[in-house]
Amino acid sequence: MSRTSAPNTTTATDTPTAQTGRQTTADLAFLSRAMKAPALLDAAERLAERARTESWTHLEYLVACLQREVSARDSHGGEQRIRAAHFPSVKTIEEIDASHLRGMTRQQLAHLGTLDFITARENVVFLGPPVINGA
């Protein structure tokens, strides 16, 4: 993908530093969009100010920016995978009306929420339509 940018021109009121700052901001916006890293763009300015006041090295600043992006991706990753799965509906354990479940108590259902069955390599199967509170 190629990119062209406007020539670096200044007016009588612009200082070279102000123009460079605007170009850097525009470059950061373009690059974060190209990398699909919106959290990086959101955090860069705030972290840059903090880095100046706390005298961070360039590498410390870069690590902090990338940590914000990774953290944002981790928190949104599950949501994206659920959307990508195209489930007809999404139900959580909290939404299940345990009074409609035969042979299972609310405590047993809550225990499933801890996901201990995964580490124990056990299967859990629910059959039938989900029953939601108030539905």
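At 57% relative accessibility, arginine 52 counts as exposed, and in this predicted model the residue forms a salt bridge with glutamate 49, whose closest approach between N and O atoms is 3.0 Å. Glutamate 49 itself is partly exposed, with a relative accessible area of 42%.

| Arginine | Glutamate | N to O distance |
|---|---|---|
| Arginine 52 | Glutamate 49 | 3.0 Å |
| Arginine 50 | Glutamate 54 | 3.1 Å |
| Arginine 73 | Glutamate 69 | 2.8 Å |

In the pair formed by arginine 50 and glutamate 54, the arginine is partly exposed at a relative accessible area of 39%, and glutamate 54 is likewise partly exposed, at 42%. Arginine 73 and glutamate 69 both lie in helix 3, four residues apart, or about one turn of the helix; here arginine 73 is partly exposed at 44% relative accessibility, whereas glutamate 69 is buried, with a relative accessible area of 7%.

Helix 3, which spans residues 58-85, also contains leucine 66, a residue that counts as partly exposed at 41% relative accessibility. Together with Leu59 and Leu62, Leu66 forms a nonpolar patch on the surface, with about 300 Å² of accessible area between the three.

Serine 71 is likewise placed in helix 3 and is partly exposed, with a relative accessible area of 44%. Although serine 71 and alanine 39 are 32 residues apart along the chain, their C-alpha atoms are separated by 8.8 Å.

Key
Residues are numbered from 1 along each chain as its sequence is written. This is a predicted model: local features need pLDDT of at least 70, side-chain atom pairs count only at pLDDT 80 or more; totals for chains, interfaces and linings use all residues. Side-chain values use heavy atoms; hydrogens and water are left out. Patches are made of residues with over 30% relative accessible area and no salt bridge: like charges are joined within 9 Å, nonpolar side chains (Val, Leu, Ile, Met, Phe, Trp, Tyr) within 5 Å. Accessible areas come from the Shrake-Rupley method with a 1.4 Å probe; for residues, only the protein chains shown count as cover. A salt bridge is a side-chain nitrogen of Lys or Arg within 4 Å of a carboxyl oxygen of Asp or Glu. Helices (H or I, at least four residues) and strands (E, at least two) are DSSP runs, numbered from the N terminus. Buried means under 20% relative accessible area, exposed over 50%, partly exposed in between (1.4 Å probe, protein chains only).
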